[in-house]
Amino acid sequence: MKNIITLMLVVLFGWLVTAPMMVQADDREFSVILDGLKKKSFTEKFSVIEKLEEVGDERALKVFNYMLEGDLFYEKLAPNRIVFAEKVEDGLAIFEVLGGQSLGVVSKRALKKIKVNNKLRGKLRRAIAKLSLNHKDPDVRRDAVRAIFKNVDAIALPLLTERLSVETEEKVRDAIEVGIALSEIESDDKQVRLKAINVLGDSLESEARSALLPLVVKDETGKYLLQDREILTAALKSVSRINAKLEYNSWAETLYFGLSLGSVLLLAAIGLAITFGVMGVINMAHGELIMIGAYTTYVVQLMMPNHIEYSLLVAVPTAFIVAGLVGIAIERGVIRFLYGRPLETLLATFGISLILQQLARTIFSPLNRSVETPAWMSGTFEINSALALTYNRFYIIIFSLLVFAALLLILKKTSLGLHVRAVSQNRTMARAMGIRSGRVDALTFGLGSGIAGIAGVALSQLTNVGPNMGQAYIIDSFMVVVFGGVGNLWGTLVAAMSLGVVNKVLEPWAGAVLAKILVLIFIILFIQKKPRGLFPQRGRAAEH
Amino acid sequence: MENRSFIMNLLANDIAARWFLSALLTLGIVVPFCNLMVPQDSWFHVSTYTVTLLGKYLSYALLAIALDLVWGYCGILSLGHAAFFALGGYAMGMYLMRQIGDRGVYGNPELPDFMVFLNWSELPWYWTGFDMFWFAMLMALLVPGLLAYLFGWLAFRSRVTGVYLSIITQALTFALLLAFFRNEMGFGGNNGLTDFKEILGFNLQSDGTRAGLFISTVLFLGLGYLVSRYIVSSKMGRVVVAIRDAEDRTRFVGYKVESFKLWIWVFSAMLAGIAGALYTPQVGIINPGEFSPLNSIELVVWVAVGGRGTLIGAVIGAVVVNFAKTFFTAAAPEIWLFFLGALFIFVTIFMPYGIMGVIKNLTQRKSQRVHKAPADEAA
């Protein structure tokens, strides 16, 4: 009950504060007010800005921004509209103020700039701050607060306090509190100062840290410059709190990067885990099957240029089929003559990989092709101001786990999977039981290749698509499979993720190249210790 | 004593060896002669470019022999043998770098140009001694040898075999590739070592030096062949072949498989180092690209094409494939990879014993047909 009353009070109070600003103005009235800006006199413009500020909506905010940037013009000839303008190659591209439709490109001389002086600029900045602080989108409000972090002055402070009293969104409140604390950290009132220091200690904004650091500066003898013990202790506490949080966040970020690298490795290696691990075929053309998947994505996007959003959904099955068919062709054409001679499959498939690379070069040119990223995959997910995670990596982690789960299901729960395992464990016996081993071989290889193709779709979102892209992954993929233990899918998962994370953990202090070298050396040494990988196969199947 | 009688024996009993050695001898005499003595406009003149090219092929041939020793005879498929070759090449390259002296772009008498460029004030410790030829050559042997010893000691003792061994040799050369790309390593980074001026006081650009290098390559190839031949026909060689065919059985019979493997592995790595040291002055550059896994795999193909398990086959394979490469990359670059790829597939499926296998087949067909299907040899 009490909560409801509080809520009602807040709403009522909010309405009281904002009501005067919310003068409803339809587009025609708005245009009339706007036209006042054409006047030469700065005083008149000032009053127009005040009127617009009272309208206080999206339209006004946009006008203010353009005006401040000097991009607001009006046409010299009829209909003398006020327009937004953007510089393009041959003149200025102009847009309607209301609605934002393009009005074409005109020469500079057809327009007259709406000039502003310093007084107006100050007015505009305050108006923008005020309007965006009261914007309906909480993200815009928070960004507005952040924008004034750098100088929370006498004008901004009351705006912040005013907004804080009505703000309900938690993250905006936090930002505002930091903003207020930033202005109060040099306050003469000790209690206010202590409180500000305390508030800043909870924030991860970079301004908070840089405002605190001057308080804990030492002189040459190692003594703190700040005399006041109490404030010094509070500042030290706040700084160490921030540092601890930053460190924690940077570890989280490293872990995230590591997992995303790991899932890339997993995607690249998991097809190989089938062809190499289950069938014992060293498929050096695996990287090129990934490449085929990536090029398939490229072609799919070429064929549906207006539906890039859905292109990946189409590309995944297409790439699976294309790469899978190529894989089956490779198996039927070359590999089936070489079973039981793993080192020779290595040579033959390496030949295939050279041919496929050259084929890509001939068809698509040696240059890299760019594959577009759909909008839903770009952007970042902000956890706090020190930690932002990109969506594409997130999707790839999820995607790789899905592929892994699907593959595991196929191998464990379908009759194809049963046949695959039977043939890989004892070919002769499986044949004696009536399994057509040739067909199973072809399908298994097709499955492994198809998954390589799917990996190609995912990788096309991270790296360049070119004839050499397969080469970049082949060695890593082999390392992952061997490290995890040949013939063991779970081993591949663990190996991929741990190698990914280790690589990213080493990177900050060793550099990317040295980290990679260290990982390679680690694998070489690890294989000495456990020649059959992390999770070796046991029993009879392990003998071959 | 033993050695001479071995050679006599070889020449008397092995037709292929006789042919090969005489061909090598002829090449070593005729090519430099036709280059230096025959006037340029004569039809018989061999250009310096050709001499250098042939020298390059022959140093590759020596490398192929090195790989054939471990792969063809011992069944260890190394996908990183080019690493030992490149290390030998770098040792020679470091000597040649020091010989430049103050004739570099920056004119620093002590430091090679790339170190001056990186603002280094003194030579790193591992560059000391490389101004002496004998030391550099010793290193061209020792560095690949030691690396191979360390690597082999670890790998063979833990019984890492087959595919696993192949993959970790690939990891080794890949790690070295990445390491040598780093500027901080002090080996010239991306650009490698180049701009050599002279070797042992002889100008590297002159025809005479080129011919001299060619002759030494021929000599070392002949010597490398003889020693390898001696090893494979010795008792040790027989044990090595036994290890290839049935490792466990050999172990149960009582041989110490690990040490046999280790010694042939280390010897092979040193041979590859010599090949690298011969390669660098003739080509005039050594860079990290030599470490690339692709090079090692191409090397395996030379041996496969020529016929593994036959030393002469390795030589023939190296020369034939590289000749084809030179020809195709000049005539039709886009065809080269198609051709090379098709060659890989064709040879592994249809010519498991390579060119030598085909020759053997043809000569034996007269008396009787003894062509067994290629058995599970490489596994």
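Predicted model: local features only at pLDDT ≥ 70, side-chain atom pairs only at ≥ 80, totals over all residues.

Residues are numbered from 1 along each chain as its sequence is written, while chains are lettered from A and ligands numbered from 1 in the order in which they are written.

**Confidence**

- The predictor assigns the complex an ipTM of 0.83 and a pTM of 0.78.
- Chain B has an average pLDDT of 88, and 95% of its residues score at least 70.

**Chain A as a whole**

- Chain A contains 21 helices and seven strands; helices (H or I, at least four residues) and strands (E, at least two) are DSSP runs, numbered from the N terminus.
- The radius of gyration of chain A is 32 Å, well over the 24 Å that the globule rule gives for 544 residues, so chain A is more spread out than a compact globule. The radius is taken over C-alpha atoms, and the rule is 2.2 Å times the number of residues to the power 0.38.
- Taken along the principal axes, the C-alpha atoms of chain A fill a box of roughly 95 × 70 × 55 Å.
- Of the 544 residues of chain A, 40% count as buried. A residue is buried if 20 or more other C-beta atoms lie within 10 Å of its own, exposed if 12 or fewer, and partly exposed in between, with C-beta atoms placed from the backbone.
- Among contacts in chain A with a separation of 6 or more, 67% are between residues 24 or more positions apart.

**Helix packing in chain A**

- Helix α6 (residues 138-147) of chain A and helix α8 (residues 170-184) of chain A have axes that come within 9 Å and cross at roughly 10 degrees. Axes are lines fitted to C-alpha atoms, for helices over the stretch in contact, and angles run from 0 to 180 degrees between N-to-C directions.
- That angle makes α6(A) roughly parallel to α8(A). Angles under 35 degrees count as roughly parallel, over 145 as roughly antiparallel, 65 to 115 as roughly perpendicular and the rest as oblique.
- Residues making this contact include R141(A) and V145(A) of α6(A), and V172(A) and I176(A) of α8(A).
- The residues of the contact of α6(A) with α8(A) are five nonpolar, one polar and four charged. Here Ala, Val, Leu, Ile, Met, Phe, Trp, Tyr, Cys and Pro count as nonpolar, Asp, Glu, Lys and Arg as charged, and the others, Gly among them, as polar.
- Helix α15 (residues 391-413) of chain A packs with helix α16 (residues 415-425) of chain A at an angle of about 75 degrees, with their axes 5 Å apart; the two are therefore roughly perpendicular to each other.
- The axes of α15(A) and helix α18 (residues 437-460) of chain A come within 11 Å and cross at roughly 170 degrees, and these helices are therefore roughly antiparallel to each other.
- In that pairing, I396(A), F399(A), V403(A) and L407(A) of α15(A) meet I451(A), I454(A) and A458(A) of α18(A). The contact consists of seven nonpolar residues, no polar and no charged.

**Where the chains meet**

- 34 residues of chain A are in contact with 40 residues of chain B.
- On the side of chain A that touches chain B, α14(A) gives the most, with 13 residues.
- The residues on that side of chain A divide into 24 nonpolar, six polar and four charged.

**Chain B as a whole**

- Chain B has 15 helices and four strands.
- The radius of gyration of chain B is 21 Å, close to the 21 Å that the globule rule gives for 379 residues, so chain B is as compact as a globular protein of that length.
- Of the 379 residues of chain B, 42% count as buried.

**A residue to look at: V257(B)**

- V257(B) lies in helix α11 of chain B and is buried, with 20 other C-beta atoms within 10 Å.
- Not counting residues up to four places away in sequence, V257(B) touches I243(B), E247(B), T250(B) and R251(B).

Terms used: pLDDT = per-residue confidence, 0-100. Contact = placed C-beta atoms within 7 Å.
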